[in-house]
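Hello,

Here is the structure for your files. My notes on it follow below.

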Amino acid sequence: LSDMRQHPRAVAHLREATQLDPEDAATWSTYAQALWRVEWLPQAAEAYERAIALLPNDPWAHTGLGDTRLRMGVLDDAITAYETALELDPRAYAAHCGKGAALSKQGAFEPALASLREAVRLRPDYAPAFYEIGVAHQHNKEYEAALGAFGKAVQLDGWDVSAVKNMARCYARMGRRDLAKKANDHAAKLQHTH
């Protein structure tokens with residue numbers, strides 16, 4: 001149901017599943033992910049914490065908690081969750097990506113880029129890592145590098161409206177108004193069709 005974008009129904013079914021088997025860590029993680037998708041972030045964090053209490057060495061639950069804390073803007077807690085995930089599995093590419101995004105939001109661009117590049121090294125087709133690389137470069141006013149990363153994100157995920165909008169911003173900052181307008185128009189089309 002969640003994959004079909006019927007998130008409220010998915011949340012209701014998963015809530016019931018956690019009540020039927022309250023000791024199943026995987027069910028709590030899946031419930032947390034569904035809560036995250038509907039932006040019920042405090043509840044998602046609690047569900048991830050429950051999953052971690054039941055199965056402490058699941059790197060993906062720690063990554064999910066990090067993603068939740070990142071979205072909540074609690075960056076230090078997000079980084080701690082990602083680092084725990086990476087201690088459990090150094091190949092957890094999504095944890096490298098999340099850690100890089102959190103570091104970028106803190107203005108620590110070099111460590112952010114190192115973490116994001118590790119995510120891409122581990123999984124070269126991971127569009128979110130390219131998007132976050134673009135964001136780090138954009139914040140650092142490295143617009144050409146940002147455009148390259150956003151372009152790769154769009155190449156891997158043609159529906160990435162945020163990447164296309166950020167490309168428009170980069171072009172505008174570079175004074176390339178024609179390309180900025182094209183990118184903005186493309187983003188509007190993507191938003192309308194998605």
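Arg121 is exposed, at 53% relative accessibility (buried is under 20% relative accessible area, exposed over 50%, partly exposed in between, with a 1.4 Å probe and protein chains only). Its salt-bridge partner is Glu118, at 2.7 Å, N to O (a salt bridge is a side-chain nitrogen of Lys or Arg within 4 Å of a carboxyl oxygen of Asp or Glu). Glu118 is partly exposed, at 23%. Both residues sit in helix α7 (residues 109–122), three residues apart, or about one helical turn (helices are DSSP runs of H or I, at least four residues, numbered from the N terminus).

This is a predicted model, where local features need pLDDT of at least 70, side-chain atom pairs count only at pLDDT 80 or more, and totals for chains, interfaces and linings use all residues. Residues are numbered from 1 along each chain as its sequence is written, and side-chain values use heavy atoms, with hydrogens and water left out.

The whole structure has eight salt bridges. Another one joins Arg71 and Glu39 at 2.4 Å, N to O. Arg71 lies in helix α4 (residues 59–72) and Glu39 in the loop between α2 (25–37) and α3 (41–54), so the pair ties together parts 32 residues apart in sequence. Arg71 is partly exposed at 39%. Glu39 is partly exposed too, at 44%.

Glu49 and Arg69 also form a salt bridge, at 2.5 Å, N to O. Glu49 is in helix α3 and Arg69 in helix α4, 20 residues apart. Glu49 is partly exposed at 36%. Arg69 is buried at 16%.

Best wishes

Notes:
Helix = DSSP H or I, 4+ residues; strand = E, 2+ residues; numbered from the N terminus.
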